[in-house]
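I opened the model today to look around the ligand. My notes follow in the order I looked things up.

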Amino acid sequence: MITSRGYAAQSAKTQLAPWSFERRELGPHDILIEVLYCGVCHTDWHLINNDWYEGIFPMVPGHEITGRVIQVGSLVQKFKAGDHTGVGVMVDSCGNCVNCTHHQEQFCQVSPVQTYGSVGKDGLVTYGGYANNVVVNEQFAHHIAPTLDLAAAAPLLCAGITTYSPLKKWNVGRGHKLAVIGLGGLGHMAVKFGLAFGAEVTVLSTSASKEKDAAALGAHHFVVTTDDEQRKAVSSSFDFILDTVSAKHDLNGYLAMLKTDGVLICVGIPSEPFELSPFALPAGNKTVTGSGAGGLQETQEMLDFCAAHNIVSSIELIDIKDIHPAFERMLKGDVRYRFVIDMSTL
Ligand code: NAP
């Protein structure tokens, strides 16, 4: 077994603290990664608090992992020691079901294995990237171009692919008006990708203080959604809205901002159900849809796109001991725009 050190919650809703544990020995197709950086996704908070379902504890969160390959199994072909690599939200799948064979391994119907809080095919609980190392089948690790900063690239593995994938699927680009709800980890990546694809981008935010930052990111417009006048001014305006909000909110008001035939894509996952007015969709032929992370092939495509267009996340690098103050700031919407843990502080 491989010895690991990390930060774990020993039970739901408890503080993360240092913890030593073991990972599986390298199999022929596995690589051992020295974790250098790990992004702090709002999902980490949802999961250590059992917001969505009962988790498996102890839990080592973290699914925005970047680092360096330090050892490879005997049959590994994709990587060699020293390569820059990244791991996202999943570390295994069956490879044979309809979703796996259509490059949507994140929805594997037979044996999906999340990066943490899951049970792998080896029967062992998976532990995430708030740790010094990780062992993963090479197919579930991605190449990161040496030109990309590994700290700022870490959030691409979840926030990046989760926003890139739906914008690509709906061909959002030139001639489209895109609004992004919530300027946080996912939201700021949606702004960057929306702009890279040529859309006219509006940020819909509850935080007036983020207006300057949105402009610095390149967003064309900024709407403070707590201001009724500003909301009214964007009624029936957008072709697409990407909703990244992590907490309960009213979709009906946002649907009124869509043009006829407009599409609202939910990627945020609050812990409470949405309520829809019966008129919200028929009045204007509106569509509400969702999107979950992205498959292996598309994740590599997104990382290559980022390398080609010099896109990374805007980050605040933190010491792992400051993970709880970082969570507290994230919960207040005060994140600019992704906390990333510097794993050398472990
Ligand atoms: P985050 O960094 O905390 O950003 C969320 C943003 O939502 C906040 O910064 C805030 O932006 C806005 N917001 C928060 N509470 C709000 C409220 N009550 N009403 C309106 N806006 C509010 O979180 P994140 O890491 O981007 O994650 C966002 C959500 O996506 C989480 O639920 C996470 O679990 C989920 N997620 C889903 C997937 C997927 O596969 N679909 C993948 C990763 C994460 P403003 O200050 O600008 O209003």
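**Ligand site**

I started with A293: one of its polar backbone atoms is 2.8 Å from an oxygen atom of the ligand. I count a polar contact as a pair of N or O atoms within 3.5 Å; within protein, one must be able to donate a hydrogen and the other to accept it, and residues adjacent in sequence count only if both atoms are side-chain atoms. I then checked how much of the ligand is covered: alone it exposes 930 Å², and the protein buries 90% of that. These areas come from the Shrake-Rupley method with a 1.4 Å probe; for residues, only the protein chains shown count as cover.

Before going on, I noted the ground rules. This is a predicted model, where local features need pLDDT of at least 70, side-chain atom pairs count only at pLDDT 80 or more, and totals for chains, interfaces and linings use all residues. Residues are numbered from 1 along each chain as its sequence is written, and side-chain values use heavy atoms, with hydrogens and water left out.

Two further backbone atoms turned up. L183 has a polar backbone atom 2.8 Å from a ligand oxygen atom. S291 places a backbone N or O atom 2.9 Å from a ligand nitrogen atom.

Next I listed the shell. It has 31 residues, and S205, T206, S207, K210 and R338 come nearest. By class I find twelve nonpolar, 16 polar and three charged residues. Here Ala, Val, Leu, Ile, Met, Phe, Trp, Tyr, Cys and Pro are nonpolar, Asp, Glu, Lys and Arg charged, and the others, Gly among them, polar. Helices α1 (42-48) and α5 (185-196) each supply at least two shell residues. α1 gives the most, with three. Helices (H or I, at least four residues) and strands (E, at least two) are DSSP runs, numbered from the N terminus.

**Domains**

Why does the ligand lie between the domains? Domain 1 (2-158 + 294-345) and domain 2 (160-290) both give residues to its shell. The bounds come from an automatic or database domain assignment. The two C-alpha centres lie 27 Å apart. I find 24 residues of domain 1 in contact with 24 of domain 2, contact being heavy atoms within 4.5 Å.

**Buried spots**

I looked at α4 (residues 159-169). Nine of its eleven residues are buried, so the helix is largely enclosed by the rest of the structure. Buried means under 20% relative accessible area, exposed over 50%, partly exposed in between (1.4 Å probe, protein chains only). The cover over α4 includes β10, α5 and β14 (258-266). N171 follows α4 with a positive phi near 50 degrees.

V180 sits in strand β10 (residues 177-181). V180 is buried, at 0% relative accessible area. Among its contacts beyond four places in sequence are A190, V191, L204 and L242.

H63 is in the loop between α1 and β4 (65-72). H63 is buried too, at 6%. Its contacts beyond four places in sequence include C38, C41, D44 and C158.

I found a cis peptide bond joining F57 and P58, with omega about 0 degrees. Another cis bond runs from R336 to Y337, with omega near -15 degrees.

H103 is not a glycine, but its phi is positive, about 60 degrees. H103 is partly exposed at 40% relative accessibility. S236 also has a positive phi, near 55 degrees. S236 is partly exposed, at 48%.

Key
A residue is near a molecule or strand if one of its heavy atoms lies within 4 Å of it.
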